[in-house]
Amino acid sequence: MQRRCFLGTAFVFALAAANPALAAPPRLAFSELYARIGVMGTSFSPQVLKLKGQRITMRGYIAPPLKAEANFFVLTRVPVSVCPFCNSDADWPADIVVVNLKNPGTLAPGGRPVEVTGMLDIGSSTDRETGFVSLVRLNQAEWREL
Amino acid sequence: MLVKRCCAILLALWGVQASAQAIYPIDRATMVVDGKFDFKVEFDGVVDPSSVTITVNGQPYEKVLGAKAAFLPNEDNGKASSYILRDISIKHPGKYEVVATAAGKSMKVNWEVYATGPRTAKNVILFIGDGMTVANRTAARVLSQGIKEGKYMGKLSFDDMPRMALIGTSGVESLITDSANSMSAYTTGHKSSNNALGVYASRAKNNLDHPKVETIAELVKRKTGMAVGIVTDAEVEDATPAGMVAHTRRRSDKSEIAEWLFLKGADVVMGGGSAYFLPKSTPGSKRKDDNNLIDLFKSDGFAFATTATELKSAVKPDTRKLLGLFNTGNMDGSLDRFYLKGGTVKQFPDQPDLTEMTRKALEVLSRNKDGFVLLVEAGLIDKASHPLDWERSVYDTIMLSNAVKIAKDFAAKNNDTLVMVTPDHTHGLSLVGTIDDNAKGTEMRDKIGVYEEAGYPNYPAPDKNGYPPSVDVSKRLAMFYGNFPDYYETFHPKLDEPFAPTVKNDKGQYVANEAYKNVPGAVLRVGNLPRSADTGTHTADDGVLTAMGPGSERIHGFMDNTEVFRTMVEALGLGYDGKTKGKTPAKPATRR
């Protein structure tokens, strides 16, 4: 029993060493997203351009979800108490990240710190269902509360 | 069984019931002679046009309003009929009674159409301190002027204007207004509803289909050669600046509002909100199309600036049109820009002050020999009061005072400029005493001094800009909001980032943001607002308007916010028929 367990663990370690995809994904901070945020638009940091298409991890706050069950949510640098879909006064901060979930399900309440791992996708994209325009997305994402 | 059937019938009837009947403009509307508006009659059910009569002062409406209205048989999801007649005006002053009858049921409204005397002011400058409450003015005076033995050491720039009035701000559907509704009253002279700009909120489905009323900017562009300027430290598409040009049921139509700023012929536009000027292909854009509005403005000859430094050099001796966009969203307030460096100051380190924008706007607009109408909004007074961040709100009140000083100096040169300074609504903010960190007591509330225990705060003397260089002092003002969601009261200024009092929970309710729970001395203040309120809310308390210059004579006592429009229109003689030329300016109109 013990041996089987050991073998199993060794196998996983060996695989992880051989396949970088199974190693801990690189972590990206909100402050590292953009080289410049300016009046004439924003430009991505070299780090973001390098990590595009890779699985990465980001930490932030879950923005108030539209409903508890959802297939996406918005990740923010600081907790936000506003919801752009329900309050006309509200506007998102410039540096939000849209998280498209691998397994849609129950979300944590807004304002909670979370860690998200997903495939980094960048560039302007308009959500077909909501019309929401995003610049940075984490696709096929999984999350956990911190 | 019978009961069940009756219930079913009642439910079915209820299900098809249409919205209430209405006539727009509404009862007691006041309009300037030849001011444009859309006329709409909404019946409370489907009507047969042959059963409808609509009269104005007893005559068929077509005769008085000059055209035939379109019949909309099935508005309101097929449940009711309406008539709409767009872009009309009434040429003769007087009282107008409108009666609409269908199938024996009738409704009635009265309008007053007024003329004006000849023009007495060349220019009009309207300053809006968004959400500016009396406590904002008091605290701004304490901090920027100082107070000793009960007497202030100086005044705010708008404290000594000769005219003053209390302003009522309520809207068609509610006591409590938002900034769209109230600005719309200032710029059109018509009451509107929350979230609406330059329209009456009718039952039309599309935001842009509601009955429109002309704005002061459109009116002066149509009838005079005057220039129009729109300056704010919020987004230029935000409700207050939008009130100059927009016609929509929803203030959130910011892409359209950005386009209207151009299409309505504004000569000077400055503020934040560049995200709605960039095509969606540009990272950072909030548009949903590929229109590049910055290019559009530039191709029409606008000088363009994105920083305070660029603003200095963008204005040449012959510049007549100026676009300044200094942030993708709202600009940062004076407390962050000059001292704390919170908000978006790190990303936008070279934003101009409201004073610099006011100065440049006056420089450019005053080149128009026919005069100008300029709106300057200190929008961040309100943006800070919402999250209960009174220090930021008060610092921006000082900034407004500084900007008004520049306008006063400009107006003093020729005495031909009407200057008004007013909030659009108020907040529940009050100055209750001081907080002394060195006072006895374990809880922060024990350190609050009231009555003689309050004494005076120990903020450092104001710097050359009129601001105390620090708000983080040991004895500071105790200011509280009377209407608030759940939040942690820290009794201290928020030195890193603007206050974020709440977060939303999984039930969609706003609860206290726990990020402040561990601030030493913080206590949970259980809200007195519904849990749907994310921040502090506007109040119906009157606003205080101060004014100077030609046309300001009619400002006194209590006034409705629609009379601010009338004051501008009278000062500019926009309803003058030419018959009383050479006579002395018209007397202030009698109060209704």
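Is helix α8 (residues 254–263) of chain B mostly covered or mostly exposed, and how many of its 10 residues are buried? Helix α8 of chain B is mostly covered, with 7 of its 10 residues buried. Buried means under 20% relative accessible area, exposed over 50%, and partly exposed in between (1.4 Å probe, protein chains only).

This is a predicted model, where local features need pLDDT of at least 70, side-chain atom pairs count only at pLDDT 80 or more, and totals for chains, interfaces and linings use all residues. Residues are numbered from 1 along each chain as its sequence is written, chains are lettered from A and ligands numbered from 1 in the order in which they are written, and side-chain values use heavy atoms, with hydrogens and water left out.

**Helix α8 of chain B**

- The buried residues of α8(B) include Ile257(B), Trp260(B), Leu261(B) and Phe262(B).
- Lys254(B), Ser255(B) and Ala258(B) are also among the buried residues.
- These buried residues pack against β14 (227–235), α7 (239–242), β15 (268–272) and α9 (293–299) of chain B.
- Helices (H or I, at least four residues) and strands (E, at least two) are DSSP runs, numbered from the N terminus.
- Gly265(B) follows α8(B) and has a positive phi, near 85°.

**His386 of chain B**

- His386(B) lies in the loop between α13 (380–385) and α14 (390–414) of chain B.
- Why does His386(B) count as buried? His386(B) counts as buried because its relative accessibility is 15%.
- The side chain of His386(B) makes a polar contact with the side chain of His538(B), at 2.9 Å.
- Another polar contact joins the side chains of His386(B) and Thr535(B), at 3.2 Å.
- A polar contact is a pair of N or O atoms within 3.5 Å; within protein, one must be able to donate a hydrogen and the other to accept it, and residues adjacent in sequence count only if both atoms are side-chain atoms.
- Leaving out residues up to four places away in sequence, His386(B) touches His427(B), Thr535(B), Gly536(B) and His538(B).
- Contact means heavy atoms within 4.5 Å.

**A sheet in chain B**

- An open sheet of 3 strands in chain B runs in the order β22-β21-β23, with antiparallel pairing.
- β22 (448–449) and β23 (475–481) of chain B stand at the edges with a single partner strand each, so one side of each has no neighbour in the sheet.
- Strand β21 (residues 429–436) of chain B pairs with β23(B) over 7 bridges, in the antiparallel sense.
- Two strands pair if DSSP finds at least two bridges between them.
- Ile435(B) stands opposite Arg476(B) in β23(B).

**Where chains A and B meet**

- Chain B gives 34 residues to the contact, and chain A gives 26 residues.
- The two chains bury about 2400 Å² between them, 54% of it on carbon and sulfur atoms.
- Buried area is the accessible area (1.4 Å probe) that two parts lose on being put together, summed over both.
- In chain B, Pro283(B), Gln347(B) and Lys504(B) lose the most area to chain A, together 22% of what that side buries.
- Between chain B and chain A, 2 residue pairs are in polar contact, both at pLDDT 80 or more.

**Chain A**

- Chain A has 2 helices and 8 strands.
- Along the sequence, the pattern of chain A is α-β-β-β-α-β-β-β-β-β.
- Of the 146 residues in chain A, 42% are buried.
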